[in-house]
Amino acid sequence: MQLQRALAGGRRHHAYLFAGKEGTGRRTTAVEFAKLLLCENPSEKLNAGRFAAMADDFSLRQACGRCNSCRTVSAGTNPGLKLIYKELAKFHDDQQVRNRKMQNLSIDVVRQFLIDPAWRASAGGHGKVFVVRQSETMSIPAQNALLKTLEEPPEGVTIILICTSPDELLPTTRSRCQLVRFAPLPVDFVAETLTKDGVAPEAARFWAAMTGGSIGLSVRRADEKLYEFKKSLVEQLAQPDAPAGKLAEMLVKSVEKLARKLHTRNKDLAPSLANRQAGQIILEIISSIYHDALVLATGSAGQVVHADQPDAIAAIAGRFDPSELAEILAQLARCEQLLWRNVNAKLFWDNVAITCTSAAALEV
Ligand SMILES: [Zn+2]
């Protein structure tokens, strides 16, 4: 809607910052927006009630969807649309850049794949759109080098920076872009989408809530085995005298299993990194259980994640008082930080298990 307004009356910005959590449609919108900007035959349609916040006679611009440009954008082959990301370093002209370890989106990549082509005259005359993924990973020199192009790009050039949090970009970068925020989608909507993709309704509702309404994340997480695991985990935590040792064992095994799966799915992921990601996912699930219990214990109106196991959550809420639940959550958050340091896995999950079963202090 904000984009439609920007297009109206020629008051077009040249640089946009699409900010929002993963899976909120930033990239899809960027591609659709590029399609509209590059379309050879865009049409104007009256709003006629489609967007409540705009007048009925507001003119919406639409891509035709049929021209060569529209079709090649959909196919991902339109030379006018360029995606920029740090891994492009592998294709850089300079061998030194190709061999360097990629830590961020470097100035070399931004120069060769964005700034230089932007300033070369566009051959077809249809303009160019550059979409920078994870723009917060741009190094400071890269951002500084890009400022002039963001400020006043050549005729027909549009730059879209995608990021999670605009605060992680330099203020000078931010101020040159029109900010468009992407809010998380309603949980019901995400759950419905997952169900259409074949996920069982209960599991779909869980993943939608667990990821805070992120379609992208929930599609990646929605795994039948992981859902079964979370159900048995909730049951186990609800047992009054669950032994911490047995729980720790179960957690270590589950993390290893999930790490192997993540590694199989993405061979580029180093086993150690897969291990940490798996640990993080499982810790997030554990935290969400105690978060639900706290919501229930305090009668607050927070979003409940484990709506499929209300009795078990009630049992956990009944075993601890709210201050203990808050303490467990605080300790789990501390664990999450430790996960990224080199802490012995067994010791680590032993501590998580002790925290969960007794709200005892963490000693790692
Ligand atoms: Zn078109």
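Predicted model: local features only at pLDDT ≥ 70, side-chain atom pairs only at ≥ 80, totals over all residues.
Residues are numbered from 1 along each chain as its sequence is written.

Let me begin with the overall layout. The protein chain has 16 helices and 7 strands, where helices (H or I, at least four residues) and strands (E, at least two) are DSSP runs, numbered from the N terminus. The chain is divided into domain 1, residues 2-182, and domain 2, residues 223-358, with bounds that come from an automatic or database domain assignment. The centres of the two domains, taken over C-alpha atoms, are separated by 38 Å, and the C-alpha atoms of the chain fill a box of roughly 70 × 55 × 35 Å along the principal axes. Of the 364 residues, 36% are buried; a residue is buried if 20 or more other C-beta atoms lie within 10 Å of its own, exposed if 12 or fewer, and partly exposed in between, with C-beta atoms placed from the backbone.

Five strands form an open sheet in the order 4-5-6-1-7, with parallel pairing, and two strands pair if DSSP finds at least two bridges between them. Strand 4 (81-84) and strand 7 (178-182) stand at the edges with a single partner strand each, so one side of each is left without a neighbour in the sheet. Neighbouring strands are turned by 20° against each other on average, direction ignored; axes here are lines fitted to C-alpha atoms, for helices over the stretch in contact, and angles run from 0 to 180 degrees between N-to-C directions. Within the sheet, strand 1 (residues 15-20) and strand 6 (residues 157-163) pair in the parallel sense over 5 bridges, and A19 has C163 in strand 6 as its bridge partner. Helix 2 (residues 26-38) packs on this sheet, touching strands 1, 4, 5, 6 and 7, and its direction makes about 175° with that of strand 6. Helix 5 (residues 107-119) also packs on the sheet, touching strands 4, 5 and 6, at about 150° to the direction of strand 4.

Let me move on to the helix pair. The axes of helix 13 (residues 271-298) and helix 14 (residues 310-319) come within 8 Å and cross at roughly 75°, and the two helices are therefore roughly perpendicular to each other, a label that covers 65 to 115 degrees, with under 35 counting as roughly parallel, over 145 as roughly antiparallel and the rest as oblique. Helix 13 contributes I289, D292, A293, L296 and A297 to the contact, and helix 14 contributes I313, A314, I316 and A317; two residues are in contact if their C-beta atoms, placed from the backbone, lie within 7 Å.

Is I289 buried or exposed? I289 counts as buried because it has 23 C-beta neighbours inside 10 Å. Leaving aside neighbours within four places in sequence, I289 is in contact with V234, L237, H306 and I316.

Finally, Q134 lies in the loop between strand 5 and helix 6 (140-151). Its phi is near 45°, a positive value in a residue other than glycine, and with 17 C-beta neighbours inside 10 Å, Q134 counts as partly exposed.
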